[in-house]
Every structure is written in structure tokens, then in C-alpha cells.
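Thanks for asking me to look this one over.

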Amino acid sequence: MLGAYVDKAGAVVIGPICVDGHRSKCLIRVVTHIHQDHTVGLERSSRECRYVVATPITHELLDELGFMIPRRKRVELGYGSTLQVLDAGVRIRLEYAHHIPGSAQVIVESDDGAYAYSGDFKGVGTKTVPPKGVDVLVVDATYGDPSFRRPPEEVIVDELVKLLRRLLSRKPVTLYAYYGKAQEIMLMLREYGVDAPIIASTKHWRIAKRLERFGLVVRDLLLEGTREANEVVRDGWFIKVDHFSKFRCRRNSMTAHVALTGWLFNAPIRCIDSDTYVVAFSDHADFDELVGYIEDAKPRLLVVDAVRGGATARKFAEYVREALGIDAVAYP
Ligand SMILES: [Zn+2]
């Protein structure tokens, strides 16, 4: 039996494979996406593992974030393709996860069964397709508590667009978001017809430029501090995109401030003052989506990630046992 568990450092270990954390003696490291809590120990994996597997977009962005993965170890695996590791007796496949650009679910098959790890995801049924027929499923349960329920994403994006239009009619807006989420929202705003030029901070801009190689192009995107960006600033009609951490120390009253957070529930938007808003735009499944994902996948055993899920993981495992009749444990 390969077996699957989550160790204290957050590595999802499936036989000889460690996902989103390093585990010594593992042959292969898989990275589901670039968020910090999923790239833990990647330097060590790059030295000690035989392969580092991720989607082409994730490898591109890891490179941008400064991870040095030796070329001979770097395996780019597109959605739906399989890597067969003969001497380890496993096949690894990555499937699309709706989260940030490049995100993937991981499916590992061996002669003794099939295992899957969801990684971070949202949009169950419409965008993220749960793996079918797996024996053991490991899930991220960030919102594994029934109080974590959010209005549907379309409703939230609609409200966000309305808010931005209203604010932009008065003054420029600074939007605060994490890497990946920012690029997703910039692309979405263009789809919704928000045309104001976007000025991005250096890292956000560089990540967006890397994504252009994969056809994800944000129109009218400028790098802060450049001549073009300064001209736009003088005109006074633009959206500035900054890292989420800057929201706490916002000072500039020349712009309105809108932060995208995963920790607002029940309402799409919270108003702090007439110039400052928090929007419930999350990259994680809420409670109902999470339950739907597990119901669809119907694994024989569910393993709930208690490193990223915290205390809710144990409660969620209990809920799955009782309400869905699926055997479930929380690790570690
Ligand atoms: Zn994430």
C-alpha cells in the first residue's frame, strides 16, 4: 500500500511522492501552485528529490519567485498528462483546479489503488471537476466549518465591478490582493468591461508578464513608476494593484482602497468608510462547495489537511463521517 497522510510541516505524502511540502527520502516533489504555504521546503526538495513536478505555468511562476530548480529535475506536466515513474511503480497526473493560474489537483495511481489531493480549489462542478473513483482523497478544508458560507462568485464579482465603477467615477482605486489572485481578478475585470488602465506593483506586474506567455493577457497594464504609468497617474483615472499586505499600511488618500479577502462571509462587501471597502473574493471553496466536492468524488477514505485547515479540519472530518457516511480522518 502506498498510503497517504499529511505531515506536521504540511507535506501531503502519497507513497514516494511529497506534495506541497518536503519529506525526506521522497523521490518526487509535486507543487500544486505558487502560494507560500504550498512551496514550503521546495529548496530542499530541489536538492534531494529526483523530480520536481508542476504545471508549466506554476514552474514559470516559481522561477519568477526565485526558486532555483535544476533543469534536469524540472518536470512540466500539463493538465491531463501522466508521468509514469516505473521504478517507483506510480503514475502521476495533474488536473485543473480553479484557484490561481497554474493550480492543479494531483492524482497518483499505483497497482494498489488511486489517491488524490485537491490542492486549493473553488468553483466545484462548474470549474473544478472532482477526481472520480479514488480510494483515498486528501482535501484542503480551509472553510470546513458550516459558518463559512459565501454568496456565489458571480454575485461577488458583479458587486465588485459595480463598486469599482462607482469609486472610479470619483477617484482612482487601489486594489489589494495576493499573488495569483490579483492576476485572476485583473483578467476578470477586463472580461466585465472595466477599462481603466491598471498600474501594477513590480512583482504583480512581473507575474502578469510571465502569464502572457500562456495567453493570459491583461490589456492596458502598466508598471508603476514608468513614464506611461506616471502619465496615467496625472490623468487620475486608473486602478492600482498592490499586494494584500499593503492594505494594513494604506495612507494615500488620493485613491480609494479595496481589499480582496477570503475571510468575509454572508455579505459580498463590507464598507469600512466611504473610501475603503473589503470584498469577499476568495480562492477557496466555501463549506457547501467543499462538501459537494467530496460527495462527487466519493472516496473510500477522506484525509483532511489539518495543517492548512487548522482546528476546523477535525470537526470537518467528523461532519463527513456523520453526514456523508464516508470514512474520514484529519492529519496530523
Ligand atoms: Zn492557494
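This is a predicted model: local features need pLDDT of at least 70, side-chain atom pairs count only at pLDDT 80 or more; totals for chains, interfaces and linings use all residues.

**Notes on the model**

1. His35 belongs to the zinc site. The zinc ion takes its protein donors from His33 (NE2), His35 (ND1), His99 (NE2) and Asp120 (OD), which lie 2.1 to 2.3 Å from the ion. Along the chain, these donors follow the spacing H-x1-H-x63-H-x20-D. His35 sits in the loop between strand 4 (28-30) and helix 1, and Asp120 in the loop between strand 10 (113-117) and strand 11 (136-139), so this pair ties together parts that are 85 residues apart in sequence. Asp120 is also buried, with a relative accessible area of 3%.

2. What is the geometry of the zinc site? The site is irregular, with angles of 89 to 161 degrees among the four donor atoms. For reference, ideal angles for four tetrahedral donors are 109.5 degrees.

3. Thr128 is buried, with a relative accessible area of 0%. A polar atom of the Thr128 side chain lies 3.0 Å from the backbone nitrogen of His98, and a polar atom of that side chain lies 2.5 Å from the backbone oxygen of Lys122. Leaving out residues up to four places away in sequence, Thr128 touches Tyr96, Ala97, His98, Gln105, Phe121, Lys122, Gly123 and Tyr293.

4. Which residues touch the most other members of the largest nonpolar core? They are Leu175, Ile239 and Val258, in a core of 38 residues. At least two residues of this core come from each of helix 3 (153-168), strand 12 (173-177), helix 4 (181-191), strand 13 (198-200), strand 15 (239-243), strand 16 (256-260) and strand 18 (276-279). Helix 3 gives the largest share, eight residues. A second, separate core has 27 residues, including Ala285, Val291, Tyr293 and Ile294.

5. Ile239 shows how such packing looks up close. Neighbours within four places in sequence aside, the contacts of Ile239 include Leu168, Val173, Leu175, Leu189 and Ile199.

6. Helix 2 (residues 56-64) is mostly covered, with seven of its nine residues buried. Those seven are Ile57, Thr58, His59, Glu60, Leu61, Leu62 and Glu64. The buried residues pack against helix 1 (42-48), strand 5 (51-54), strand 6 (74-76) and helix 5 (202-212). Just after helix 2, Gly66 has a positive phi of about 95 degrees.

7. Finally, strand 18 has a partner in each of two senses. Strand 16 pairs with strand 18 in the parallel sense over four bridges, and His257 is bridged to Thr276. Strand 17 (residues 269-273) runs antiparallel to strand 18 and is joined to it by four bridges, with Ile269 bridged to Val279. Strands 17 and 18 form a hairpin with two residues between them.

8. In a regular strand, side chains alternate between the two faces of the sheet. In strand 18, Thr276 and Val278 point one way and Tyr277 and Val279 the other, and all are buried.

Definitions and conventions: Residues are numbered from 1 along each chain as its sequence is written. Side-chain values use heavy atoms; hydrogens and water are left out. A nonpolar core is a set of buried Ala, Val, Leu, Ile, Met, Phe, Trp, Tyr and Cys residues joined through side-chain atoms within 4.5 Å. Buried means under 20% relative accessible area, exposed over 50%, partly exposed in between (1.4 Å probe, protein chains only). Contact means heavy atoms within 4.5 Å. Donors are N, O and S atoms within 2.8 Å of the metal (3.2 Å for Na, K and Ca); water is not among the atoms, so sites may look incomplete. Four donors count as tetrahedral if all angles lie between 85 and 135 degrees; four count as square planar and six as octahedral if opposite donors are over 155 degrees apart and all others between 65 and 115; anything else is irregular. A polar contact is a pair of N or O atoms within 3.5 Å; within protein, one must be able to donate a hydrogen and the other to accept it, and residues adjacent in sequence count only if both atoms are side-chain atoms. Two strands pair if DSSP finds at least two bridges between them.
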